[in-house]
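Thanks for coming, everyone. Please have a look at the structure on the screen, and then I'll walk you through it.

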Amino acid sequence: MEKIKERFRYLQDPHLVARFQNICGVQGTFSRTVSAGGTTTGSSNAADRTRSHNNGACHGHIAGESESKNSAVLGAGEGGSVQTAAVGLRKRITDSNVTTNLTDEGENLPQNGVAVSPASGAGATVGVGSSLGRASAAGQEARSGTGPDLSGAAERRESGSTVKPLRKNSLTGDAGQEFHIENRFLYYLFTNGTELGNESFYIIFFPFLMWNVDAFVSRRLIMVWVWVMYLGQCTKDVIGWSRPASPPVVKVEMFYNSEYSMPSTHAMSGTAIPFSLVFMTIGRWEYPSTLGFCLALCWCLLVCSSRIYMGMHSVLDVMAGVLYSVLILLFFLPALDLIDGFNLTCRYAPLVIISFHLGLGLFSFTLDTWSTSRGDTAQILGTGAGVALASHVNHHLGLMTDPTPDMLPLAMPALSAGLVGVAALRLVVGVPVLVATRALMKAVTIPLVCRVFGVPSRDVRKARQHMEVELPYRYIVYGAVGFNVLFLVPLLFSYVRLS
């Protein structure tokens, strides 16, 4: 048992993430002034640890001299003591004043990282990339001429480019710290690979599949996506593990940095979507099954490795996400026929769909304080409910009928300029309709919900932190988007002869 725990701790170690980033050419620009008197170590009491929304790190509470042996003390400028990287369960801080106070206490505190380990020697600057204490010692040896020459690493950093995270933290607005990129190919590969789990990808991928390939497969794939993402987000809030600490990890991405970490929902969707797509299309479409499996595996590996590269997840988070997704698929895929048949044919399906998805949203909102993941959960549930309602309406109106069994398997059409042009035109016409639906419903829903529940609507960000605003707003807006994906836009295509 101890060996298993030790292996888990190793897979969760942020230095493992930093090592992978270093191999891929990502170098942090963090620096920290450390005093000679810094002898305080990290607390062993997990209850005394809290986490700032600005990072995936853990800051200890300062509780006076009586707790100095059990608490990590944050540096207060030059000569202050610092804490080591925290281990174990970290708790979320929702009060934004904590971040402000921490910044005021330590001018040199890293913007998105945990304080570094104590180092001997006053004023020693510690770099990031491996163990911070070892980096400091190596730097002193290099200066004295007894250690390895670090000029090569400096030259490599100068030959690369310095960039900042692409998007700010969705909760705090923190832009993150600059970092060096030595391998631009891997940088673009992984930053695009991680988009395979983001909203911007879903709003293109699912409509494209529905409008141009197979609406039957698409609506069922959305059902799988809803369940996998919902269970993943709820599990995150129950476990409550924070993101890998920075330093040593470089935060290539900041947008999701305030959410919890275990399991990786990007890894879950990156496993569930491609392999479910292969499962649903084998025997329905004529294509080599080996090719489909290889493409699904490449998709999964790209998304999973990108989350480690971005500094958002430990190796353990990603592995747990993959295994959790496989477990969900084993139970859910066999039930797809039953659930889809109910959504299409049962006369009470609309009522059940709306109330069931709304009930799931209410349950998820009780698991944790407000966070961006809570809004994402309501957004996913709203989309799933809208698509399910549209499939019910289409079935009863005789629109977008599924191919009969005697028409299967479907042959892959020959790729031509006309086929590509029509598919592109459908996206050009349909996606703006979805974007307009989202903007219109958002403009109407937020003030309306705020007025109904008596919540001030002057500051939309603060208003959305109320459950009675966030849940109905997301649910209604994305429910309308999901409904229009499968009903309104295909109906529009039939009028302009793009069906």
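**A walk through the model**

Methionine 400 is partly exposed, because its relative accessibility is 32%. You will find methionine 400 in the loop between H14 and H15. Keep in mind that this is a predicted model.

Why start there? Look at the backbone. Most residues other than glycine have a negative phi, and most peptide bonds are trans. Methionine 400 is not a glycine, yet its phi is positive, about 50°.

Now step back to leucine 399. Leucine 399 sits in the loop between helix H14, residues 372-397, and helix H15, residues 417-453. Is leucine 399 buried, partly exposed or exposed? Its relative accessible area is 28%, so leucine 399 is partly exposed. What does leucine 399 touch, if we skip residues up to four places away in sequence? The contacts are Asn394, Phe487 and Leu491. Take phenylalanine 487. Along the sequence, leucine 399 and phenylalanine 487 are 88 residues apart. In space, their C-alpha atoms are 8.4 Å apart.

Stay with phenylalanine 487 for a moment. At 16% relative accessibility, phenylalanine 487 counts as buried. Phenylalanine 483 comes out at 24%, so it counts as partly exposed.

On to the aromatic rings. A pair of aromatic rings is described by the distance of the centres and the angle of the planes. The count here comes to 17 aromatic pairs. In the pair of phenylalanine 483 and phenylalanine 487, the ring centres are 5.2 Å apart and the planes stand at 45°, so the pair is tilted. Ring pairs link Phe201, Tyr202, Phe205, Phe206, Trp225 and Trp299.

That brings us to H7. H7 has 14 residues. From first C-alpha to last, H7 reaches 20 Å, close to the 20 Å expected at 1.5 Å a residue. Which residues of H7 are buried? They are Phe201, Tyr202, Phe205, Phe206, Pro207, Leu209, Met210 and Trp211. And what do the buried residues of H7 pack against? The partners are helix H8 (215-239), helix H9 (265-281), helix H10 (289-309), H15, helix H17 (467-486) and helix H18 (488-495).

Isoleucine 204 lies in H7 as well, within residues 199-212. With a relative accessibility of 37%, isoleucine 204 counts as partly exposed. Setting aside neighbours within four places in sequence, isoleucine 204 contacts Leu427 and Val431. Isoleucine 204 and valine 431 are 227 residues apart along the chain. Their C-alpha atoms are separated by 7.4 Å.

Next, helix packing. Two packed helices are described by the angle between their axes and the distance between the axes. Take H7 and H17. Their axes come within 10 Å and cross at roughly 30°. That makes H7 roughly parallel to H17. From H7, the contact uses Glu199, Pro207, Met210 and Trp211. From H17, the contact uses Tyr478, Val485 and Leu486. By class, the contact of H7 with H17 has six nonpolar residues, no polar ones and one charged.

Now H1 and H11. H1 covers residues 2-12, and H11 covers residues 315-332. Their axes come within 6 Å and cross at roughly 105°. So H1 is roughly perpendicular to H11. Who meets whom? Phe8, Leu11 and Gln12 of H1 meet Val315, Leu316 and Met319 of H11. The contact of H1 with H11 has five nonpolar residues, one polar and no charged ones.

Let me turn to H9. Why call H9 largely enclosed by the rest of the structure? Because 15 of its 17 residues are buried. At 1.5 Å a residue, H9 should span 24 Å, and its end C-alpha atoms are 24 Å apart, which agrees. After H9 comes glycine 283, with a positive phi near 90°.

Which peptide bonds are cis? One joins methionine 262 and proline 263, with omega about 0°. Proline 263 is in the loop between H8 and H9. Another runs from leucine 408 to proline 409, with omega near -5°. Proline 409 is in the loop between H14 and H15.

And arginine 497. Its phi is near 60°, a positive value in a residue other than glycine. Arginine 497 falls in the segment after H18. With a relative accessible area of 78%, arginine 497 is exposed.

That's my tour. Questions, please.

Terms used:
Residues numbered from 1 in each chain as written. Predicted model: local features only at pLDDT ≥ 70, side-chain atom pairs only at ≥ 80, totals over all residues. Heavy atoms only, no water. Axes fitted to C-alpha atoms, helices over the stretch in contact; angles between N-to-C directions. Helix = DSSP H or I, 4+ residues; strand = E, 2+ residues; numbered from the N terminus. Parallel < 35°, antiparallel > 145°, perpendicular 65-115°, else oblique. Contact = heavy atoms within 4.5 Å. Nonpolar A, V, L, I, M, F, W, Y, C, P; charged D, E, K, R; others polar. Buried < 20%, exposed > 50% of the residue type's maximum accessible area, 1.4 Å probe, protein only. Expected span 1.5 Å × (residues − 1). Phe/Tyr/Trp six-rings, centres within 6.5 Å; stacked < 30°, edge-to-face > 60°.
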